[in-house]
Amino acid sequence: MSKATRGYDANKHINGRKRHLLVDQDGLLVDLLVTPADVQDRDAARILLTRLHAEHAEIVLVWADNGYGGDEFSTWAQATLGITIKVVPRPKDTKGFVLLPKRWVVERSNSWTMRARRNARDYERLMSHAEAHIQWAFITLMSRRLTRRNRRTETAPTPLAAAA
């Protein structure tokens, strides 16, 4: 694997790459960016939000976790792109896992990509290949959802009246 596309994030204890996902309220992929792990989350978010604004200027509110917070970043997003960044804070005085519904949407999306075995480990040499495999996982997810039979609409057929 290329050393130029890998890094170490001492805060998250990650060696390799980070995956930054931008998802809708249902957890479906809008955009993604794979970066070396030593790239700060806010720097990657600037790229993602700029692309989001170029493609979907109607989106004006983005929920994020603490890694994407900060007054300077929020001010930049509001002034430059017209996007309000709302950070979902972790409740004070809590230890261990705490379910935060707004943040859980992204975490759930990350777990969906891990169902694709290739995404469970970082095998790719190029970051564009890693992004392609994540997109492939979301395409597979969407195609399965679209072809799944809707159980609510498929009720027992109503008997036809006998012809006289």
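Predicted model: local features only at pLDDT ≥ 70, side-chain atom pairs only at ≥ 80, totals over all residues.
A salt bridge is a side-chain nitrogen of Lys or Arg within 4 Å of a carboxyl oxygen of Asp or Glu.

**Salt bridges**

- Asp-31 sits in strand β3 (residues 29–36) and Arg-51 in helix α1, so their pair links distant parts of the chain, 20 residues apart.
- Asp-31 counts as buried at 13% relative accessibility, while Arg-51 is partly exposed at 29%.
- Lys-18 and Asp-41 also form a salt bridge, at 2.9 Å from N to O.

**Two helices side by side**

- The axes of α1 and helix α2 (residues 71–81) come within 11 Å and cross at roughly 15°.
- Angles under 35 degrees count as roughly parallel, and α1 and α2 are therefore roughly parallel to each other.
- Their crossing is right-handed.
- A salt bridge joins the side chains of Arg-46 and Glu-72 at 2.9 Å, N to O.
- Arg-46 lies in α1 and Glu-72 in α2, so this pair ties together parts 26 residues apart in sequence.
- Arg-46 is partly exposed at 21%, whereas Glu-72 is exposed at 54%.

**A nonpolar surface patch**

- Val-60, Leu-61 and Trp-63 form a nonpolar patch on the surface, with about 280 Å² of accessible area together.
- Val-60 is found in the loop between α1 (41–55) and β4 (61–64), and is partly exposed at 46% relative accessible area.

Notes
Residues numbered from 1 in each chain as written. Heavy atoms only, no water. Patch = residues over 30% accessible without salt bridge, like charges linked within 9 Å, V, L, I, M, F, W, Y side chains within 5 Å. Areas by Shrake-Rupley, 256 points an atom, 1.4 Å probe, with all protein chains shown as cover. Helix = DSSP H or I, 4+ residues; strand = E, 2+ residues; numbered from the N terminus. Buried < 20%, exposed > 50% of the residue type's maximum accessible area, 1.4 Å probe, protein only. Axes fitted to C-alpha atoms, helices over the stretch in contact; angles between N-to-C directions. Parallel < 35°, antiparallel > 145°, perpendicular 65-115°, else oblique. Left-handed = near helix turned anticlockwise from the far one by under 90°.
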